[in-house]
Amino acid sequence: PVDMTEQVIKEYIENEESCILVAEENEELIGMMILEIIPCHMILSSHQKVGYIAAGYVKEEYRCQGVM
């Protein structure tokens, strides 16, 4: 549902440990990427948190053109 999608996007925007990047061409949204900082669960890592790509999308006609 649209309402759920809007709520999820709002939560990412309001969260200090996440961001949404968008790609535009001629004022048209052609791609997006959601990035998060999450706890690191790798046993041998000395890092407490790591960067994580939660989602990414590029419109089909713009793929393989360096958008992401």
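Biologist: What should I know before we start?

Modeller: This is a predicted model, where local features need pLDDT of at least 70, side-chain atom pairs count only at pLDDT 80 or more, and totals for chains, interfaces and linings use all residues. Residues are numbered from 1 along each chain as its sequence is written, and side-chain values use heavy atoms, with hydrogens and water left out.

Biologist: How do you know that β1 and β2 pair?

Modeller: Strands are DSSP runs of E, at least two residues, numbered from the N terminus. Two of them pair if DSSP finds at least two bridges between them. β1 and β2 (residues 28–39) have eight bridges, in the antiparallel sense, so they pass that test. For one, Leu 21 has Met 33 in β2 as its bridge partner.

Biologist: What is the strand order in the open sheet?

Modeller: Three strands run in the order β1-β2-β3, with antiparallel pairing.

Biologist: Why do β1 and β3 stand at the edges?

Modeller: β1 (18–25) and β3 (49–58) each have a single partner strand, so one side of each has no neighbour in the sheet.

Biologist: Why is Asn 26 called exposed?

Modeller: Exposed means over 50% relative accessible area, buried under 20%, and partly exposed in between, using a 1.4 Å probe and protein chains only. Asn 26 is at 73%, so it counts as exposed. You'll find Asn 26 in the loop between β1 and β2.

Biologist: And what makes Cys 64 exposed?

Modeller: Its relative accessibility is 87%, so the label is exposed again. Cys 64 sits in the segment after β3, and has a positive phi of about 65 degrees although it isn't a glycine.

How values were computed. Helix = DSSP H or I, 4+ residues; strand = E, 2+ residues; numbered from the N terminus.
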